[in-house]
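Welcome! Here is a short tour of one part of a structure, for anyone meeting it for the first time.

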Amino acid sequence: MSKNTVSKILTLISLVVFVLFLLWAQQNLNPYLRRIMILIAINVIWAVTFNLVFGYTGQFSLGHAGLIAVGAYVTAILTMAPAQKEQNFFLAPMMWPLSQMEWSFLPALVTAALLTAFVGFLVGIPSLQFRGDYMAIVTLGLAEIIRVVNMNLQTITNGSLGLKGIPSHTTLLWSWGAAVITIAFIATLVKSSYGRAFMAIRDDELAAGAMGIQVFRHKMIAFVIASFFIGIGGGLYACLLSTIDPNVFIFLLSYQVVTVVVLGGVGSITGNVLGAAVYVSLFELLRPIDGPIPIGPVTIPGQPGMRMVIFSIIFLIVILFYRRGIMGTSEFSWNWLLTKLGIWRESAGVQE
Amino acid sequence: MSVLKVENLTKQFGGLVALSDFNVELEEGELVGLIGPNGSGKTTAFNVITGIYRPTGGRVTLRGKDITGLRSDQITAQGIARTFQNIRLFPQMTVLENVMVGHHLRLKTSPLVAGLGLPSYVRQERAMRDESLELLQITGLEDVAHEKAGSLPYGRQRRVEIARALATEPKMLLLDEPAAGMNPEETHGLMDFIQQILKDFGLTIFLIEHQMRLVMGICERLLVLNYGVTIAKGYPEEIQNDSMVISAYLGVSANVNN
């Protein structure tokens with residue numbers, strides 16, 4: 001049996017084991033741990049999409065928060081019960097067809113993803129004309145515009161009052177299922193000819209153009225595909241929080257995505273997963289620091305936000321020692337693992 | 001019919017005329033050289049022809065089709081490929097991947113099909129890979145197919161760049177100083193290589209070069225630029241004895257005491 005086949009079988013086995021674990025966890029794990037695992041999955045989705053746009057295509061976008069908001073709001077509006085909507089919209093009644101809609105989760109999520117992809121397309125038209133930092137500024141601005149629009153569309157989004165009582169559809173299986181699909185699709189895409197075209201644009205836009213690659217079109221392809229999955233992440237997020245308002249989606253959320261990706265390694269999908277896991281669990285593990293800490297006879301009074309300080313220090317240390325994130329640009333492979341474990345012998349630099 | 005026809009091509013940067021009224025016509029299978037001192041507008045001429053700059057005036061036609069002012073990727077799709085003066089490979093990718101990038105514009109599939117890894121895409125990927133490997137074999141690069149392009153010695157990087165350009169299946173190849181930074185032995189190898197691909201791929205080649213040995217050795221006709229103006233055209237022997245050319249290169253008037 002070739003190493004390739006063995007790898008495929010191992011991937012299949014681990015996926016089955018993972019699904020069984022999720023089914024078990026859904027029943028037996030306490031809600032707090034389940035929530036953390038779901039948050040990791042959602043962050044994985046966002047990180048992988050950012051990686052597609054920045055790590056592979058080289059376009060620095062800070063627009064995640066805006067696109068997440070689109071996915072979250074669309075899903076929330078489509079899935080909430082009419083009675084719940086009526087309760088929420090006490091300042092002004094909700095716009096008519098929306099107020100009567102109550103879709104099930106999957107069609108709502110898909111619609112949200114498609115709409116987010118469309119908004120991503122609109123955001124991409126102006127912002128992908130710019131390079132580097134300029135693109136970051138333009139996308140940051142556009143995300144802010146989306147937030148302000150959400151704030152003012154009283155009859156659709158309920159403005160700054162937000163939406164409460166969004167059905168809690170997001171389970172472990174939904175979130176991790178979406179994460180696995182996102183990873184599988186984007187990993188396959190970046191390994192394809194399109195992925196090489198993206199990387200060519202990242203490395204040398206001028207040369208990519210001279211090789212016949214339609215630069216703007218390919219940047220747009222990456223951005224729209226990323227937006228689609230960002231929307232899924234947003235929808236899952238809304239149905240996890242069950243309460244959203246425009247200020248959930250401020251620019252800090254975009255920075256969080258950047259942090260996860262930098263922590264894990266720009267250009268590595270394995271790194272994205274690790275980064276999301278480390279980021280979310282570290283944030284939870286550091287939670288006690290926000291409260292009062294007794295050290296012998298003295299007690300340091302609780303200071304909300306203290307864990308941000310500690311987190312930043314840990315983040316700095318990681319970046320000092322792993323300048324390119326935990327994984328750099330390397331990816332996990334069965335070949336690597338089994339060679340490390342001494343089960344397979346090193347193959348002499350030949351692919352596959 | 002001529003393959004490439006350039007009429008009165010002009011490029012101005014503000015008040016600076018980098019190229020003025022540039023005219024050239026290349027017949028099928030020809031190898032024409034473009035020479036001139038530094039800053040004389042040779043690379044500008046290439047950049048305007050290949051769509052990296054938009055021309056201020058003039059017309060470029062490829063096999064009778066007007067391609068003036070198109071984007072560089074559209075021009076490549078029409079059949080003009082090029083290399084750069086300062087090598088512009090994708091250094092992080094392997095040699096094979098670099099060449100496969102050149103094949104991307106011929107890909108007939110959507111990103112959706114590629115992302116789902118459907119059989120119709122997998123077939124194309126395999127075909128693309130085989131063609132690229134074949135191209136590497138023809139260009140004598142098969143031994144470094146899986147090496148990072150950036151890690152190769154200079155002379156071989158040049159070859160990879162030419163192979164990558166060939167992967168776009170061009171009718172016409174523009175080479176910008178292919179022998180820059182090469183020693184005499186490498187230059188000699190390159191001369192043979194250029195003549196070989198000219199025949200094997202049925203190309204027409206337009207080439208900028210500083211090294212007289214290479215230019216005089218392989219080009220059938222030459223054009224000389226100075227300050228953006230074409231000062232001489234003709235066969236290598238004529239050019240060598242042209243007084244305007246000599247003065248442009250040596251910076252003295254050829255008829256000092258007349």
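On another strand, β8(B), L34(B) stands opposite I208(B). Keep in mind that this is a predicted model.

| Strand | Partner strand | Bridges | Direction |
|---|---|---|---|
| β3(B), residues 31-35 | β8(B), residues 204-208 | 4 bridges | parallel |
| β3(B) | β9(B) | 4 bridges | parallel |

Now let us step back to the whole sheet. It is an open sheet of 6 strands in chain B, in the order β6-β7-β8-β3-β9-β10, and its pairing is mixed. Strands β6 (80-82) and β10 (229-234) of chain B stand at the edges; each has a single partner strand, so one side of each is left without a neighbour in the sheet. From one strand to the next, the twist averages 20°.

Next come two helices of chain B. Helix α1, residues 42-49 of chain B, lies across β3, β6, β7 (172-176), β8 and β9 (221-226) of that chain, and runs at about 145° to β7(B).

And how many residues of helix α3(B) are buried? For this helix, residues 95-103 of chain B, the count is 9 of 9, and the helix is mostly covered. Among the buried residues are V95(B), E97(B), M100(B) and H103(B). The cover over the buried residues of α3(B) includes α10 (193-203) of chain A, together with α5 (119-138) and α6 (154-167) of chain B.

Terms used
Residues numbered from 1 in each chain as written. Chains lettered and ligands numbered in written order. Predicted model: local features only at pLDDT ≥ 70, side-chain atom pairs only at ≥ 80, totals over all residues. Pairing = 2+ DSSP bridges. Axes fitted to C-alpha atoms, helices over the stretch in contact; angles between N-to-C directions. Contact = placed C-beta atoms within 7 Å. Buried ≥ 20, exposed ≤ 12 C-beta atoms within 10 Å, placed from the backbone.
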